[in-house]
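Thanks for coming. I will go through one structure this morning, element by element, and then step back to the whole chain.

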Amino acid sequence: MTKTLTEAYIIVVEDDPNDQLITLDLLRLGGANRCYSRRSVDAAISFAERLPDVDLFLVDINIPGRSGYELLADIRNHETLNQVKVVALTAGTQQPEVMKARELGFNGFISKPLKPGEFANQVQDILHGSVVWDHR
């Protein structure tokens, strides 16, 4: 079942406070009511396990400690979260990074800086099952 941005539970995994704030603001301006943020992979997974549902992780790939790639692996191997969509939000848009994200099975890729006029629509498209691969 697909959900609207208003209905979806979204977790942003971002260590940079400014990027975190911008991402959450753009989601909320687009109508998201259930968007949360955590600064590390472990904190995001722990938080997700306590929510009634999770529809999407928006994850920075290059976060200190455990990376967004590790979050993806953990989610795919998780007993209850393994079907949640995971989308990379990253400034790492060189071809090797883009190819690695695709090969590892991210459900989408959105490059930073985010496009304010498009971001909420991109997330809504992902929630509806479309593939968004925006790497400039």
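Predicted model: local features only at pLDDT ≥ 70, side-chain atom pairs only at ≥ 80, totals over all residues.

In helix α2, the buried residues are V41, A44, I45, F47 and A48. Viewed down the axis of α2, these fall within an arc of 165°, so they line one face of the helix. An α-helix has 3.6 residues a turn, so residues three or four places apart point the same way.

A43 itself is in helix α2.

One more item on α2 concerns F47, which is among its buried residues. The charged end of R38 sits over the ring of F47, 3.8 Å from the ring centre.

Next, helix α3. Its buried residues are G68, Y69, L71, L72 and I75. They cover an arc of only 160° around the axis, which puts them on the same side of α3. That side packs against β1 (9-13), α2 (41-50), β3 (56-59), β4 (85-90) and α4. The start of α3 also has a side chain reaching to the backbone: a side-chain oxygen of S67 lies within 3.2 Å of the backbone nitrogen of Y69.

With a relative accessibility of 15%, Y69 counts as buried, since the cut-off is under 20%. The charged end of K100 sits over the ring of Y69, at 4.1 Å from the ring centre.

The ring of Y69 also takes part in an aromatic pair. How many aromatic pairs does the structure hold? There are 3. In one of them, the ring centres of Y69 and F106 are 6.1 Å apart and the planes stand at 75°, so the pair is edge-to-face. This pair links distant parts of the chain: Y69 is in helix α3 (residues 68-76), F106 is in the loop between α4 (95-104) and β5 (108-111), and 37 residues separate them. F106 counts as buried as well, because its relative accessibility is 6%.

Now to the later part of the chain. S111 is in strand β5. Its relative accessible area is 1%, so S111 is buried. Setting aside neighbours within four places in sequence, S111 is in contact with T90, T93, D134, H135 and R136.

D134 comes up again with Q122. Q122 belongs to helix α5, residues 119-127, and is buried, with a relative accessible area of 8%. The side chains of Q122 and D134 are joined by a polar contact of 2.9 Å. Leaving out neighbours within four places in sequence, the contacts of Q122 are I110, V132 and D134.

Between these two elements there is a backbone feature to note. Most residues other than glycine have a negative phi, and most peptide bonds are trans. The bond joining K112 and P113 is cis, with omega at about 0°. P113 lies in the loop between β5 and α5.

Finally, the whole chain. The protein has 5 helices and 6 strands, and along the sequence they follow the pattern β-α-β-α-β-α-β-α-β-α-β. How does the radius of gyration compare with that of a compact globule? For 136 residues, a compact globule would have a radius of gyration near 14 Å; the protein has 13 Å, which agrees. The C-alpha atoms fill a box of roughly 35 × 35 × 30 Å, taken along the principal axes.

Of the 136 residues, 49% count as buried. Among contacts between residues at least 6 apart in sequence, 67% join residues at least 24 apart. The pair of Y69 and F106, 37 residues apart, is one link between distant parts of the chain.

That is what I had to show.

Conventions. Residues numbered from 1 in each chain as written. Heavy atoms only, no water. Phe/Tyr/Trp six-rings, centres within 6.5 Å; stacked < 30°, edge-to-face > 60°. Helix = DSSP H or I, 4+ residues; strand = E, 2+ residues; numbered from the N terminus. Buried < 20%, exposed > 50% of the residue type's maximum accessible area, 1.4 Å probe, protein only. Lys NZ or Arg CZ within 6 Å of the ring centre and 35° of its normal. Polar contact = N/O pair within 3.5 Å; in protein donor to acceptor, adjacent residues only side chain to side chain. Contact = heavy atoms within 4.5 Å. Arc of directions from axis to C-beta. Rg over C-alpha atoms; globule rule 2.2 N^0.38 Å.
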